Amino acid sequence: MLIPIENVLSKDEVLHFRQQLAAADWQDGAMTAGTLARSAKTNLQLEDGSALAVALGNHILRKLGNHPAFISAALPHRIFPPKFNCYRNGGAYGLHVDSALMAVGGTELTVRSDLSATLFLSEPDEYDGGELQIDGPFGVQAVKLGAGDMVLYPSSSLHQVTPVTRGERIASFFWIQSMVQQQEDRTLLFDLDRAIQGLTPDSTTRPDLITLTQVYHNLLRRWAVT
């Protein structure tokens with residue numbers, strides 16, 4: 001299930017990010033790729049652990065911590081520190097799957113990648129190509145969102161970034177370990193939560209709404225691992 005989440009960052013915040021990243025020391029992205037993915041990856045990345053990457057990543061994490069749609073969709077337990085990449089001059093990332101377990105540098109933490117996230121920092125009309133193509137149960141879906149918007153998708157999915165033939169595609173990407181590991185269970189909870197939120201403006205004291213809320217929390221109680 002692909003879940004677009006709008007306005008994770010405001011346009012002013014995106015502008016601030018872009019100004020900071022314009023002067024960044026970008027490195028060859030292949031340095032951080034696995035053995036099989038290295039030959040398929042031609043992009044640039046901000047150095048992990050750099051002061052800029054940490055500062056911008058922490059800003060994203062603070063915004064996500066107060067974003068109801070993200071909390072509802074991901075039910076996050078751990079979030080891998082956000083990374084930043086840039087595709088230009090034909091840069092691409094061929095078909096690959098994300099690693100299942102990721103060690104957080106400088107810590108003893110390991111994040112299981114249940115969900116992958118791409119937060120777009122370039123507007124779609126700033127570049128040609130650069131679609132995030134995700135292979136799902138209903139075929140390949142192409143994603144190219146506005147700056148400040150984000151997409152969540154299962155980390156188990158095969159996916160790729162098509163070549164950028166004009167301009168620059170700048171984005172942040174990271175992974176989430178959910179409290180609810182199974183994708184089908186998370187999807188059911190997300191759909192149920194959206195239905196409850198849609199009914200809430202009508203009346204918060206309706207017996208059927210209270211029952212639906214009880215069902216949601218009892219399912220979450222059954223499936224969540226913290």
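A residue is called buried under 20% relative accessible area, exposed over 50%, and partly exposed in between (1.4 Å probe, protein chains only). This is a predicted model, in which local features need pLDDT of at least 70 and side-chain atom pairs count only at pLDDT 80 or more, while totals for chains, interfaces and linings use all residues. Residues are numbered from 1 along each chain as its sequence is written, and side-chain values use heavy atoms, with hydrogens and water left out.

**Salt bridges**

- The count comes to 8 salt bridges, each defined by a side-chain nitrogen of Lys or Arg within 4 Å of a carboxyl oxygen of Asp or Glu.
- One of them joins lysine 83 to aspartate 48, with the closest N and O atoms 2.4 Å apart.
- That pair links strand β6, which holds lysine 83, to the loop between β4 (44-46) and α2, which holds aspartate 48, 35 residues apart; helices (H or I, at least four residues) and strands (E, at least two) are DSSP runs, numbered from the N terminus.
- Lysine 83 is buried, at 11% relative accessible area, whereas aspartate 48 is partly exposed at 41%.
- Glutamate 13 and lysine 63 form another salt bridge (2.7 Å, N to O).
- Glutamate 13 belongs to helix α1 and lysine 63 to helix α2, so this pair ties together parts 50 residues apart in sequence.
- Glutamate 13 is buried, at 17%, and lysine 63 is partly exposed, at 29%.

- Lysine 11 lies in helix α1 (residues 11-22) and glutamate 123 in the loop between β10 (115-120) and β11 (127-129), 112 residues apart.
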